[in-house]
Amino acid sequence: MEKVRAKKHLGQHFLNDESVAKNIADALTLQGYTKVLEIGPGMGVLTKYLLDKPIETFVVEIDTESVAYLEKHYEKLHNHIIGEDFLKYNLKKVFNEEPFAIIGNFPYNISTQIVFRTLEMRDQIPEFSGMFQKEVAERICEKKGSKTYGILSVLCQAFYDVEYLFTVSEHVFTPPPKVKSGVMRMIRKENYHLPCNEKLFFTVVKTAFNQRRKTLRNSIKSLINDEIKDEEIFNLRPEQLGFEEFITITQKIEAHGIQNQ
């Protein structure tokens, strides 16, 4: 077995530039955790650089052909390969309650789902870095006021400090994707628990951006009542608000809004 065949239905584009792989691995700060999970390692171009670091490396890979390749070529991964779907697998079977970082050259077709799963597990994930389709990486790091600013931007920036690191050409992959890629990093904030109901915060953000052209008074009208609906902040559209303002709105709804909708 020399090479793994890239499978379109899995969104596989194998990175073949060693310097890019090393730069992605070097994005890890190695602060606040002793274990890292790589998602979708493929043939291990990034994995090899993780294995050189003073950290315990695990990989999760749904492609059985890639799993066989990794088992054959990376002895250091013995008992550290999870042959499962990251989106469905219970990671506590491996990490229990321990913190771990996430890294990867993420399949574009599930990259946003990976981010949402990370947000769900934010108590255990102090750091997250990796490669996305360029526009997705930019969206996560975008600031308010932009047309690309959205749900992912607000939710990620509420809990993590986000940074766009560098752009990667489509020509360093096999097969090459049709778009450029971007590498970004998220480092969890020291005080990452929000001063509001976090479940309601998610609901407010998602509801607002689901009708992003409308003012908040109209887009989240099912969550607010007459007592607060005329306040000036509700004249704004969601892309005009940072996560801090969304926290303020959530607090207002907690105190005066329509609950349990």
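Modeller: A residue is buried when its relative accessible area is under 20%, exposed when over 50%, and partly exposed in between (1.4 Å probe, protein chains only). This is a predicted model, in which local features need pLDDT of at least 70 and side-chain atom pairs pLDDT 80 or more, while totals for chains, interfaces and linings use all residues. Residues are numbered from 1 along each chain as its sequence is written, and side-chain values use heavy atoms, without hydrogens and water.

Biologist: Why is L119 counted as buried?

Modeller: L119 has 0% relative accessibility, so it counts as buried. L119 sits in helix α5 (helices are DSSP runs of H or I, at least four residues; strands are runs of E, at least two; both are numbered from the N terminus). Leaving aside residues up to four places away in sequence, L119 touches L155, C156, F159 and Y160 (contact: heavy atoms within 4.5 Å).

Biologist: What puts the buried residues of α6 on the same side?

Modeller: The buried residues of α6 (residues 134–141) are V136, A137, I140 and C141. They span an arc of only 130° around the axis, and therefore share one side of α6 (the arc is taken from the directions from the helix axis to the C-beta atoms). Among the elements covering them are α5 (111–120), β6 (127–133) and α7.

Biologist: Why are the buried residues of α1 said to line one face?

Modeller: In α1 (residues 18–25), V20, A21, I24 and A25 are buried. Down the axis of α1 they fall within an arc of 140°, so they line one face of the helix. They pack against elements including β1 (14–15), α2 (47–51) and β5 (101–105).

Biologist: What makes α7 roughly antiparallel to α8?

Modeller: The axes of α7 (residues 151–159) and α8 (residues 198–210) come within 9 Å and cross at roughly 155°. That angle makes the pair roughly antiparallel (under 35 degrees is roughly parallel, over 145 roughly antiparallel, 65 to 115 roughly perpendicular, the rest oblique).

Biologist: Which residues of α7 and α8 meet?

Modeller: I151, V154, L155, A158 and F159 of α7 meet E198, F201, F202, V205, K206, F209 and N210 of α8. By type, the contact residues are nine nonpolar, one polar and two charged.

Biologist: Which residues of α5 and α7 meet?

Modeller: The axes of α5 and α7 come within 11 Å and cross at roughly 35°. T112, V115, F116 and L119 in α5 meet I151, L152, L155, C156 and F159 in α7. This contact has eight nonpolar residues, one polar and no charged (Ala, Val, Leu, Ile, Met, Phe, Trp, Tyr, Cys and Pro count as nonpolar; Asp, Glu, Lys and Arg as charged; the others, Gly among them, as polar).

Technical notes
Axes fitted to C-alpha atoms, helices over the stretch in contact; angles between N-to-C directions.
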